[in-house]
Amino acid sequence: MKKLLVLSTCFFLIILTGCKKESTTNPEKATAEKLSDTLSTDSIKVPGSDVLLHPEYARTIARAAYIWGYPLANVFNRRNAFRPLKEPGRLNGVLPGAPLGQICMLSDYIAPQQNSVACPNQDVAYGYGYFELDKTPVVIQVPDFGDRFWVYALYNARTEQTGHVGKMYNTKPGFYLLHGPNWKGEVPSGITGVIKFETELGNAIPRVFLDDTPQDRAALQPVINQIVAYPLSEFDGKMKTKEWSKVPNIPTGSTGGGEIKWVVPEKFFDLLPEILEKVPPLKGEEALYAQFKALLATAAKDPEIKKIIVQEAVTLDQTLIKDYLKWKYNGKPAGNGWNRSFHNAVWGFDYTNRTSSGRSNIFDNRPTETQYFYTDNTTKGEKLNGNQNYKVTFKVLPPVKGFWSMTLYNAEHFFFPNDLKRYSLGTKNKGLKKDADGSLTLYVGNKNPGADKQSNWIPAPKGDFSLYIRAYWGEKAIIDESWIPPVVEKY
């Protein structure tokens, strides 16, 4: 208990002042620490709703709440957007969407018009769906993928993965039951495996590797047509199929150029009570929850406090959250000017990386499944811009058991539409040309590097852009960080 009290206090105060070290010889402090060891979670002392909170105190807690809660609000709002859907389909013709308790699969790579989920890849056929797992447990089918790489990323409300379903886990074909923390039902016979989520909000994003050839697209269809999810009440022990290439397009209206604004700061504190109710605290977060609830109770009675905390959310959205699109604030340095993912999909108390990924590249896979490397700059620190051409030289390709790729994103972390319809290069591409010494050089920029290099070229917009390397099912050198990303330089 002492540890969680210190953790929460430091988290609040570090925003303004930092957590200062106190003298260990202070007898009053020693007594307080001894008493704190006897406190139970239920007896944590927090401001009451009848206490007049100082505006600066309210600002501090509000800032902590927005940073902590941003990715959770993100997925709650995404689930709410799927709630009205009546059948699986492609939203605006590009994004897979489905009623709660189901998923929708794409039958090909995701299209460049998509701007719902930042940093999509062009290596897999995606699936996507949301669940209310205490209310409606779900069965998700796993077909026989043969030698094809695949993985089902199953997320809770904290954008953390749960369960282990994929080729790297030797998962058997069959039926897998997904349920929430408070579900008390019986598991029927015929279920291959059971996965308990830590939150009632569940999210599934299957990824199935696809070579960039007509032959592999054709071979993929009967496999992905068996990737189906449905409420437990519909389970009958028989493998269901859905012809995903023929699902309807569902118009949803214009969504603008950048990522859909899933977290509206002006409405954040109206959603926070539901999040705190439906997402149980991690061990060590109890005091954090208590402070947030005290703030909400006070704001409900004091319009001035409510106005103050909403303004803090708006300010953070325009500063910190906006800056989280910059890759230098995501992960940690990986060499040659790149950063690499850190704690992806297993965040724990790493709120800064959880929130930066929630803004820049939500729905990572866990580190043992995928490592991500990203940069906005050359190895010399020059900002990447389409008015200049660059070469990216891989002396050693990313060592993987699954696949690797390098993707180019515009300033908003989405694909740049181009005549080649090319947004990434990697394992899926069979026409890449190696250099005489065996290395691989990829070219990026707005200008075609020439016919002899075009097979290795990813077109860039005229403005700023970024590069993003994926290493799925990495070998030891990926996991232990001994593999260094390639040099990026002007040419």
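Taken as a whole, the protein has a mean pLDDT of 92, with 90% of its residues at 70 or more. Residues 12-25 also fall below 50, and this stretch has 16 contacts beyond near neighbours in sequence. Where pLDDT is low, the predicted coordinates should not be read in detail.

Residues are numbered from 1 along each chain as its sequence is written, and side-chain values use heavy atoms, leaving out hydrogens and water.

Now to a sheet. Strands (DSSP runs of E, at least two residues, numbered from the N terminus) pair if DSSP finds at least two bridges between them. Four of them make an open sheet with mixed pairing, in the order 20-19-16-22. Strand 20 (457-459) and strand 22 (487-490) sit at the edges with a single partner strand each, so one side of each has no neighbour in the sheet. Strand 16 (residues 390-394) runs antiparallel to strand 19 (residues 440-445), joined by five bridges. Within this pair, Tyr390 stands opposite Val444.

Elsewhere, Thr159 belongs to the loop between strand 6 (150-155) and strand 7 (165-166). Thr159 is buried (under 20% relative accessible area, with a 1.4 Å probe and protein chains only), at 5%. Its contacts include Pro71, Trp347 and Phe363.

Note on methods:
This is a predicted model: local features need pLDDT of at least 70, side-chain atom pairs count only at pLDDT 80 or more; totals for chains, interfaces and linings use all residues. Helices (H or I, at least four residues) and strands (E, at least two) are DSSP runs, numbered from the N terminus. Buried means under 20% relative accessible area, exposed over 50%, partly exposed in between (1.4 Å probe, protein chains only). Contact means heavy atoms within 4.5 Å. pLDDT is the predictor's confidence in each residue, from 0 to 100. Lists of a residue's contacts leave out its neighbours within four places in sequence.
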